[in-house]
Amino acid sequence: MDLEETNTYASPSTTPSAEPTIEARNAAVQSHISSLTSHFKSLAEANPTRERLRLANAMITVDHASSRLLTAISSWSTWTQTHYHQRDIFGQVDFPGFSMSKWAVLRSDIEELSEALTIAIIPLVETALELQTEASVKDIRNAMSRYCEQVAEIGREAGGNASMVDAGFEPHEYEIGIAARDLLFETSQ
């Protein structure tokens with residue numbers, strides 16, 4: 001049984017509907033992070049205590065890393081969108097009782113990761129806004145660092161598929177690497 005015959009990617013008309021959802025989730029996450037960053041920067045400018053400056057700097061780092069990671073995810077989402085009709089040339093993954101195109105696996109990974117990030121980050125941002133503590137900002141950094149690892153894994157896996165890369169898939173290794181480095185450095189402080 002071919003899973004693609006029964007899943008949400010069975011026709012091109014179902015794929016575009018996911019695009020706004022991924023983009024809307026990414027925009028919501030980035031908006032929350034950017035708003036919190038602006039809030040902490042304003043507090044630090046108004047009264048530049050050591051703690052406020054650390055909070056502002058930590059959120060600036062998270063904001064930049066988030067932007068890099070969400071740009072990669074958005075790029076991959078667009079790539080899957082434009083390569084729907086070619087999905088079968090990228091290979092199959094066999095599971096017990098069914099197979100799935102590597103394109104569908106990538107698309108599913110992107111959607112799941114986008115949803116998981118939204119569920120994890122937005123409540124942490126709201127908590128950090130309320131508590132305004134280093135611990136609450138560290139929770140955001142740690143969650144973003146875990147997200148970064150998952151994004152990197154998707155990039156490595158799809159980037160290792162020569163037919164996807166030949167069709168224009170960009171793994172965004174450089175951007176993801178910078179985000180990972182910045183989050184790691186910021187988390188270790």
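In what order do the elements of the protein run from the N terminus on? The order is α-α-β-β-α-α-α-α. The model is predicted.

**Figure 1. Secondary structure of the protein.** The protein holds 6 helices and 2 strands.

Figure 2. The protein has 189 residues, and 44% of them are buried. Its accessible surface comes to about 9,500 Å². Carbon and sulfur atoms account for 55% of that surface. Take the contacts between residues at least 6 apart in sequence: 77% of these join residues at least 24 apart.

**Figure 3. Packing of helix α2 on helix α4.** Helix α2 spans residues 50-82, and helix α4 spans residues 134-159. Their axes lie 10 Å apart, at an angle of about 20°. Angles under 35 degrees count as roughly parallel, so α2 is roughly parallel to α4. The crossing of α2 past α4 is left-handed.

**Figure 4. Residues in the contact of α2 with α4.** From α2 come Glu51, Arg54, Leu55, Ala58, Met59, Val62, Ser66, Leu69, Leu70, Ile73 and Trp76. From α4 come Glu134, Val137, Ile140, Arg141, Met144, Tyr147, Cys148, Val151, Ile154 and Gly155. How do the residues of this contact divide into nonpolar, polar and charged, and how many are there of each? There are 15 nonpolar, 2 polar and 4 charged residues.

How values were computed:
Residues numbered from 1 in each chain as written. Predicted model: local features only at pLDDT ≥ 70, side-chain atom pairs only at ≥ 80, totals over all residues. Heavy atoms only, no water. Helix = DSSP H or I, 4+ residues; strand = E, 2+ residues; numbered from the N terminus. Buried < 20%, exposed > 50% of the residue type's maximum accessible area, 1.4 Å probe, protein only. Contact = heavy atoms within 4.5 Å. Areas by Shrake-Rupley, 256 points an atom, 1.4 Å probe, with all protein chains shown as cover. Axes fitted to C-alpha atoms, helices over the stretch in contact; angles between N-to-C directions. Parallel < 35°, antiparallel > 145°, perpendicular 65-115°, else oblique. Left-handed = near helix turned anticlockwise from the far one by under 90°. Nonpolar A, V, L, I, M, F, W, Y, C, P; charged D, E, K, R; others polar.
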